[in-house]
Amino acid sequence: MTDVIKVAVLGAAGRMGSQAVDAVRTAEDMELVAALGSKDSIETLADSGAEVVVDLTVPDVTEAHVHYAVEHGMHAVVGTTGWDEDKLDRLTALLQKHPETGVLIAPNFAIGAVLAGKFAATASKYFESVEVIELHHPNKLDAPSGTAKHTAREISQARREAGVGPSPDATQSDPEGARGAVIDDVHVHAVRLRGLVAHEEIVLGDVGQQLTIRHDSFDRISFMPGVLLGVRTVGERPGLTHGLDGYLNLD
């Protein structure tokens with residue numbers, strides 16, 4: 001990529017997308033070459049000169065957008081949720097045909113949230129019990145959040161590698177689903193309340209003690225440093241990276 005990165009933002013009229021448009025416009029090393037809303041044709045990207053596409057749209061269309069970008073030689077930074085294992089597998093197969101292209105799919109662009117997940121995964125090896133609570137605004141389309149699922153999987157992997165079993169739970173009857181979702185043996189609870197933006201709490205317990213790790217995003221501007229980090233780095237990281245932590249050298 002050139003010294004000035006040419007960027008296209010998809011979902012530019014949304015809450016996250018409009019913030020990303022402003023962030024790219026004010027970044028000295030970036031040029032906004034396209035800002036597409038839901039009614040704009042993805043085909044216009046081919047003529048925009050974009051080197052990096054930032055997708056902040058909705059789950060129904062994000063896969064098609066990212067495939068279009070990869071097939072046209074553009075890197076992609078993706079904050080849209082809904083990327084299940086099948087979609088990730090299809091994208092991985094496509095990227096094998098375009099080995100110089102990079103894609104970042106980030107469940108959360110808030111650097112503090114990424115760190116909280118990493119801290120929780122490390123701490124979970126030393127506690128008998130761990131559960132995740134995610135809290136978001138009521139307009140969020142999916143539950144649990146992509147961030148919570150990513151955190152749960154990181155915790156589960158860390159505990160397996162350390163030889164720590166699942167959290168103890170004697171529940172035998174839960175017809176209303178009060179114990180929440182179970183993701184890789186970790187219980188995850190979703191809260192939707194007006195006034196919230198994006199929040200995650202990891203609660204860890206052992207005999208006589210409790211540790212709570214919490215991250216709060218009070219404004220979507222908190223995600224923009226992570227978005228810009230993704231735009232600046234994705235061209236140097238061919239293939240698929242799942243999670244912003246892959247760009248933070250935390251290991």
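1. How many cavities of 30 Å³ or more does the structure hold? Two. A cavity here is a set of points on a 1 Å grid over the protein atoms alone where a 1.4 Å probe fits but cannot get out.

2. This is a predicted model: local features need pLDDT of at least 70, side-chain atom pairs count only at pLDDT 80 or more, and totals for chains, interfaces and linings use all residues. Residues are numbered from 1 along each chain as its sequence is written, and side-chain values use heavy atoms, without hydrogens and water.

3. The largest cavity holds about 100 Å³ of space. Its lining counts 13 residues; lining residues have an atom within 4 Å of a point. Nearest the centre lie Asn108, Ala113, Val114, Thr147 and His150. Helix H4 (111-124) and helix H5 (146-161) each supply at least two lining residues. H5 gives the most, with four. Helices are DSSP runs (H or I, at least four residues), numbered from the N terminus.

4. The largest pocket holds about 940 Å³ of space. It is lined by 38 residues, with Met16, Leu56, Thr57, Gly79 and Thr80 nearest its centre. Helix H1 (15-26), helix H2 (59-71) and H5 each give two or more residues to this lining. A pocket is an open set of points with protein on both sides within 12 Å along at least five of seven lines. Volumes are the space filled by probe spheres set on the points.

5. On the surface, Asp84, Glu85, Asp86 and Asp89 form a patch of negative charge. Asp86 lies in helix H3 (residues 85-96).

Terms used: Patches are made of residues with over 30% relative accessible area and no salt bridge: like charges are joined within 9 Å, nonpolar side chains (Val, Leu, Ile, Met, Phe, Trp, Tyr) within 5 Å. Accessible areas come from the Shrake-Rupley method with a 1.4 Å probe; for residues, only the protein chains shown count as cover. A salt bridge is a side-chain nitrogen of Lys or Arg within 4 Å of a carboxyl oxygen of Asp or Glu. Lys and Arg count as positive and Asp and Glu as negative; His and the chain ends are not counted. The place of a charge is taken as NZ of Lys, CZ of Arg, CG of Asp or CD of Glu.
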